[in-house]
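Here are my notes on the model, in numbered points. Please read them with the structure open.

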Amino acid sequence: MDQPDRPYDDAHAAAAFLEPPRVSPGGPVDATVVPRYAGDGTFARLERLDRLPQADTVIWGVPFDSGVSYRPSARFGPQHVRQSSRLLRPYNPALAVAPFERRLVADAGDLGVNPFDLGEAIAGIEEAATALAGTGRTLVTLGGDHTVALPLLRVQHAQHGPVAVLHFDAHLDTWDTYFGAPYTHGTPFRRASEEGLVDLGHSVHVGIRGPLYSKLDLDESEQLGFTAVHARDFVRHPVDDVVDRVRARLGDRPVYVSVDIDVLDPAHAPGTGTPEAGGLTSRELLEVLRGLDGLNLVGADVVEVSPAYDHAELTGIAAAHVVYELLSVLPTAPPRTGAARRAG
Ligand SMILES: N=C(N)NCCCC(=O)O
Ligand SMILES: [Zn+2]
Ligand SMILES: [Zn+2]
């Protein structure tokens, strides 16, 4: 057998594993040096929070699906989205930004959530999100089913007061109860509104479609503070018009973005628990997200990715790109020096 040009260098390989080269300080592992399918499976191959505690933006997973009304498996969502994020590259040409340079982003791993006790799970998510957010970190949460939005909104409210909620979803999620249960994935925004977490009059659903329980559902959602851009509005109006509508509604308020991946058509995101025909394309959703540039975004979640129903990572890849576009439109963090970024 031919000799390799260079002998296998054990020490070098170990160093690359422990301290892999990154495209920028605290940025993703350089895929031109360490193949993107190798190494830690953090989101976008970013640094772990315990190794980058000065991060201003945290991606974390909440593997929880005990609130679902139909297909389970969103508890496997966070790991699936991370796995599907390995191909993301450091520069976003659509917005002319390098999201991991304008923000120092780390992956905090997954929360251990109680799958058997919803009350304890919701309290645990709120407690962990409060600790992670600390005194000013932005949280981007990978769900989990949509139940998790309630404790996340409580944390936002504690920091900002009522927030304008920009909710991408096929479903209103402002229903009251299922089987008498108030905390489910179909009810988080009614609970949030009742608790005073939602900026009434400045919140909006995007992508609503499919059969409802009653024609009152839409009226009630409106009373709870949400206007609706329906999926069918995308048929007659260009994306830019939708963006204008959404921006006018949100104004300069603190905005929390909650993306239920079932806002996408099942052709674009089959891996989800309550799919509805006639949804947005990935291209439409990503373009609306890019249109949020310059708004006062304070946090976000991407939920309802259910890998058991996914094919060819379609849903995971869509969700990873949603996270990437969200990171790209977060307000720029206070500038940091290279030395400060490397410290810790
Ligand atoms: N949040 C999501 N994905 N779905 C809610 C659907 C509630 C229902 O089964 O009617
Ligand atoms: Zn939904
Ligand atoms: Zn939902």
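1. Asp240 and Ala248 are exposed, on the face of the helix turned away from its buried side. Bear in mind that this is a predicted model.

2. α9 covers residues 239–250, twelve in number. Its first and last C-alpha atoms lie 16 Å apart, close to the 16 Å expected at 1.5 Å a residue.

3. The buried residues of α9 are Val242, Val246 and Leu250. Viewed down the axis of α9, the buried residues fall within an arc of 65 degrees, so they line one face of the helix.

4. What do the buried residues of α9 pack against? The partners are the strands β5 (164–168), β6 (203–208), β7 (226–230) and β8 (255–260), plus the helices α8 (233–236) and α10 (282–290).

5. Look next at alanine 164, in strand β5. Alanine 164 counts as buried because it has 26 C-beta neighbours inside 10 Å, where 20 or more are required. Beyond its neighbours within four places in sequence, its contacts include Leu250, Arg253, Pro254 and Val255. Asp199, His202 and Ser203 are also in contact with alanine 164. Its C-alpha is 9.3 Å from that of aspartate 252, 88 residues away along the chain.

6. Finally, ligand 1. Among the residues surrounding ligand 1 are His146, His171, His185, Asp173, Asp260, Asp262 and Glu304. Ser69, Tyr70, Gly186, Gly273 and Thr274 are also part of the shell. By class, the shell has one nonpolar, seven polar and four charged residues.

Methods
Residues numbered from 1 in each chain as written. Chains lettered and ligands numbered in written order. Predicted model: local features only at pLDDT ≥ 70, side-chain atom pairs only at ≥ 80, totals over all residues. Near = placed C-beta within 6 Å. Nonpolar A, V, L, I, M, F, W, Y, C, P; charged D, E, K, R; others polar. Helix = DSSP H or I, 4+ residues; strand = E, 2+ residues; numbered from the N terminus. Expected span 1.5 Å × (residues − 1). Buried ≥ 20, exposed ≤ 12 C-beta atoms within 10 Å, placed from the backbone. Arc of directions from axis to C-beta. Contact = placed C-beta atoms within 7 Å.
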